[in-house]
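Hello, notebook! Today I am looking things up in a structure, one entry at a time.

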Amino acid sequence: MPIIACRRCGKALQYEQIKDLPYFPFCSKRCKLVDLGKWFNEEHRMPGEKPAEEDEANDGAPPHRE
Ligand SMILES: [Zn+2]
């Protein structure tokens with residue numbers, strides 16, 4: 001049985017098929033959201049820039065939400 005480590009917390013995950021892990025490569029929804037959120041924040045915070053002002057300038061486009 002293959003084992004992977006959760007990308008977020010490192011917890012060992014056993015599975016028979018990838019589809020057995022709904023949050024692959026994470027152990028849980030929480031780990032997935034935390035990791036994606038972290039990535040998202042880092043992606044949007046460029047060093048030396050002020051993200052608040054950039055949001056104001058983006059008025060023309062509707063907010064993109066999943
Ligand atoms: Zn985890």
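How many helices and strands does the protein chain have? I find two helices and two strands. I take helices (H or I, at least four residues) and strands (E, at least two) as DSSP runs, numbered from the N terminus. Read from the N terminus, the elements run β-β-α-α.

A note to myself on ground rules. This is a predicted model, where local features need pLDDT of at least 70, side-chain atom pairs count only at pLDDT 80 or more, and totals for chains, interfaces and linings use all residues. Residues are numbered from 1 along each chain as its sequence is written.

Next, burial. I call a residue buried if 20 or more other C-beta atoms lie within 10 Å of its own, exposed if 12 or fewer, and partly exposed in between, with C-beta atoms placed from the backbone. Of the 66 residues in the protein chain, 3% count as buried.

Now the loop between β2 (12–14) and α1 (29–44), where I find Pro25. A cis peptide bond joins Phe24 to Pro25, with omega at about 0°.

Gln17 lies in the loop between β2 and α1 too. Is Gln17 buried or exposed? Gln17 counts as exposed because it has 7 C-beta neighbours inside 10 Å. I also looked up its C-alpha distance to Met1, 16 residues apart along the chain, and got 8.9 Å.

Ile18 is found in the loop between β2 and α1 as well. With 11 other C-beta atoms within 10 Å, Ile18 is exposed. The C-alpha atoms of Ile18 and Pro2 are separated by 9.5 Å, and these residues are 16 apart along the chain.
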